[in-house]
Amino acid sequence: MSLKRNILDLRKRKEKVLQGGGEKAIQKQVAMGKLTARERVTSILDEDSFHEYDLFVEHEARDFGMEKKQLHGDGVIIGTGTIYGEPVCIFAQDFTVAGGSLGLMHARKITKIMDHALKMRVPLIGINDSGGARIQEGVNSLAGYGEIFFRNTLASGVIPQLSVILGPCAGGAVYSPALTDFVFVVENISKMFITGPEVIKTVLGEEISMEELGGARVHSEITGNAHFYAQSEYECFEQIKKLLTFIPWHNGKKAKAFPPKPPKPEYKIEEIVPADPTQPYDIRNVIKAISDDSDFFEIMENFAKNIVIGFGRMNGETVGFVANQPMVLAGVLDCDSSDKAARFIRYCDSFNIPIVTLEDMPGYLPGVDQEHMGVIRHGAKILYAYSEATVPKITVIIRKAYGGGYIAMNSRHMKADFMFAWPTAEIAVMGPEGAANIIFRKEIMNAEDPEAMRKEKVAEYKEKFANPYVAAAKGYIDTVIEPEETRNMLLHSIEVSNNKVDRRPAKKHGIPPF
Amino acid sequence: MENLKEFNVDGTVYKTQTTKKFENRKAWERPNPKNLLSFIPGTIVEIFVKEGQEVKAGESLMILEAMKMKNLIEMPFDGVIKKIHVEEGVKVPNRMLMVEIE
């Protein structure tokens with residue numbers, strides 16, 4: 001007897017499932033400007049590398065007429081494939097099947113691929129496009145979410161977890177992306193919120209659109225929930241692939257090295273930074289002036305712009321940059337920028353990525369709103385993250401390093417491995433104006449011309465303390481370097497830190513100021 | 001570089017851009033204990049007092065129902081109800097002035 005009949009039967013079954021929610025639902029998906037779940041998966045992965053599992057899974061719901069409904073794949077696609085030849089696990093919710101709603105079997109498929117990713121130590125990419133819990137399945141869907149969140153937490157810091165929001169992601173569902181390392185959003189397509197516009201309108205009478213409440217811009221500019229913003233799905237997929245070139249496949253590995261390249265000649269480091277510490281410049285140009293091929297991959301570009309984070313390469317190896325941005329809010333630290341930097345530092349530390357810190361900031365943002373929002377608690381996260389990190393940690397002080405900010409920005413006292421300062425560095429308790437006003441208060445008050453006296457005293461303080469040499473004299477700075485030397489010093493210090501061992505007291509885990 | 005503003009940190013004035021979030025921050029106001037504000041968005045279900053009425057501390061003024069919970073709003077100190085800004089059945093947002101007390 002031939003196997004032909006069985007093979008044909010399998011093909012027929014497969015074909016049926018591959019239709020997802022059927023032609024009408026797919027047309028609707030396309031009309032919303034969205035790709036289908038399967039198109040998304042195949043666009044992200046290497047060509048013909050996708051292998052799907054749990055194709056024939058069916059739900060077991062027996063209430064509210066669900067027993068008569070067949071939901072292909074139960075509304076989610078799971079599988080494995082490769083990106084640039086390296087294996088990844090992936091799941092994609094299929095909005096065309098019952099709105100991508102999450103029921104018991106849907107969740108089981110997701111947790112199956114999550115378990116697999118964790119066991120095989122490969123990155124997990126999750127594409128979210130779902131109306132939320134499948135209400136007909138009651139507490140089973142809640143259980144499903146819970147099982148996903150638990151695994152997100154288990155996998156955190158072991159394998160990279162990427163969440164791609166390509167549709168609605170509402171209610172409890174938002175907490176899976178929130179627990180993962182990187183969240184990608186796309187203009188007009190991504191929508192994330194805990195309670196939607198409908199509920200807000202009923203309860204409060206406030207009218208707001210989905211886009212205004214939890215669209216891509218909101219999460220990349222205001223809430224800080226998203227790390228990457230794109231105009232289209234294809235742009236988003238390119239961001240995912242680019243990110244994966246910078247990070248290791250799991251926490252026991254280093255990121256893949258690339259052939260070293262010099263920075264582009266148009267980034268002239270001495271011409272970027274003004275000598276006057278009150279004048280702004282774009283710190284990203286300094287990063288480009290020192291990183292391979294001037295290629296800087298920025299993360300959270302539009303959130304808390306007063307600090308800049310992202311990946312680059314030095315001598316072909318991935319480096320995480322944390323840099324104050326004098327161009328925005330003078331580069332001060334505040335609640336949002338502390339959160340942004342602290343989480344990134346922990347990411348780098350988890351995944352064996354050396355951290356280069358570029359410092360130029362006048363201190364913490366003053367204001368009642370900052371104090372009441374808890375800048376103490378938020379600011380403490382940076383101290384915690386830097387102190388805790390045991391990857392190579394190198395700091396370059398470019399201009400201002402005042403007060404608590406000096407301590408926080410990976411100072412020697414947070415156990416930086418190397419501390420370099422430019423001759424323009426000002427390492428002091430506070431800026432010259434503020435300091436002179438306090439130290440010489442009496443002299444200024446009693447002077448015949450207080451304003452002239454103030455100027456004189458500010459100049460005196462500047463002369464004495466607004467430089468790197470006081471700190472260098474104490475060994476807090478290892479050496480004062482010319483701006484042009486920055487890249488070479490960094491390359492060298494990363495190279496000699498390659499086998500760094502830094503053991504910490506055994507503990508279950510610390511208690512960071514969440 | 002565009003839209004540079006003057007920005008004072010500890011007496012030093014820096015030239016820098018600001019952010020939307022920074023510009024939209026709300027100025028702090030000293031809370032006035034004579035103004036009773038809603039502490040949660042919800043619906044005024046019932047009002048027990050009238051304007052001009054003398055009320056003792058701890059007495060109930062109204063019920064603010066929110067998240068399926070009926071919250072009794074109490075008089076914070078002995079006083080007279082000067083003005084009631086809400087009616088039964090209206091929805092109130094968070095931190096809305098509900099009652100003024102004298």
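These legends walk through several close-up views of a predicted model.

Before you start, local features here need pLDDT of at least 70, side-chain atom pairs count only at pLDDT 80 or more, and totals for chains, interfaces and linings use all residues. Residues are numbered from 1 along each chain as its sequence is written, while chains are lettered from A and ligands numbered from 1 in the order in which they are written.

**View 1**
UniProt places "domain: CoA carboxyltransferase N-terminal" at residues 2-259 of chain A, in an unreviewed entry. UniProt positions follow the numbering used here, feature names are shortened, and annotations may be inferred rather than shown by experiment. Over residues 2-259 of chain A, the chain is 41% helix and 18% strand, with the end C-alpha atoms 54 Å apart. Helices (H or I, at least four residues) and strands (E, at least two) are DSSP runs, numbered from the N terminus. The annotation "domain: CoA carboxyltransferase C-terminal", also from an unreviewed UniProt entry, covers residues 264-496 of chain A. Over residues 264-496 of chain A you will find 43% helix and 19% strand, and the end C-alpha atoms are 25 Å apart.

**View 2. Helix 3 and helix 10 of chain A.**
Follow helix 3 (residues 37-44) and helix 10 (residues 233-246) of chain A: their axes come within 10 Å and cross at roughly 40°. Axes are lines fitted to C-alpha atoms, for helices over the stretch in contact, and angles run from 0 to 180 degrees between N-to-C directions. Helix 3 and helix 10 of chain A are therefore oblique to each other. As for the words, angles under 35 degrees count as roughly parallel, over 145 as roughly antiparallel, 65 to 115 as roughly perpendicular and the rest as oblique. The crossing of helix 3 of chain A past helix 10 of chain A is right-handed. A crossing is left-handed if the near helix is turned anticlockwise from the far one by less than a right angle, and right-handed if clockwise. R40(A), S43(A) and I44(A) of helix 3 of chain A make the contact with E233(A), Y234(A), F237(A) and I240(A) of helix 10 of chain A. Two residues are in contact if their C-beta atoms, placed from the backbone, lie within 7 Å. By class, the residues of this contact are 4 nonpolar, 1 polar and 2 charged. Ala, Val, Leu, Ile, Met, Phe, Trp, Tyr, Cys and Pro count as nonpolar, Asp, Glu, Lys and Arg as charged, and the others, Gly among them, as polar.

**View 3. Helix 13 and helix 15 of chain A.**
The axes of helix 13 (residues 335-350) and helix 15 (residues 375-388) of chain A come within 8 Å and cross at roughly 20°. Helix 13 and helix 15 of chain A are therefore roughly parallel to each other. Helix 13 of chain A makes a left-handed crossing as it passes helix 15 of chain A. Among the residues that meet here are A341(A), A342(A) and I345(A) in helix 13 of chain A, and I382(A), Y384(A) and A385(A) in helix 15 of chain A. The contact residues of helix 13 and helix 15 of chain A split into 9 nonpolar, 3 polar and 5 charged.

**View 4. Where chain A touches chain B.**
Chain A brings 25 residues to the contact and chain B brings 22 residues. On the side of chain A that touches chain B, helix 7 (197-204), helix 14 (368-373) and helix 17 (432-439) of chain A each supply at least two residues. Helix 17 of chain A gives the most, with 3 residues. This side of chain A has 14 nonpolar, 7 polar and 4 charged residues.

**View 5. An annotated domain of chain B.**
Residues 27-102 of chain B carry the annotation "domain: Lipoyl-binding" in an unreviewed UniProt entry. Over residues 27-102 of chain B, the chain is 0% helix and 49% strand, and the end C-alpha atoms are 26 Å apart.

**View 6. One open sheet of chain B.**
This open sheet of 4 strands in chain B has the order 7-6-4-9, with antiparallel pairing. Two strands pair if DSSP finds at least two bridges between them. Strand 7 (69-74) and strand 9 (91-92) of chain B are the edge strands, each pairing on one side only. Strand 4 (residues 42-47) of chain B runs antiparallel to strand 9 of chain B, joined by 2 bridges. T43(B) has K91(B) in strand 9 of chain B as its bridge partner.

**View 7. Another open sheet of chain B.**
Here 4 strands of chain B form an open sheet in the order 3-10-8-5, with antiparallel pairing. Its edge strands are strand 3 (35-37) and strand 5 (54-55) of chain B. Strand 3 of chain B joins strand 10 (residues 97-101) of chain B through 3 bridges, and N35(B) has E100(B) as its bridge partner. Strand 5 of chain B pairs with strand 8 (residues 79-84) of chain B over 2 bridges, where E54(B) stands opposite V80(B).
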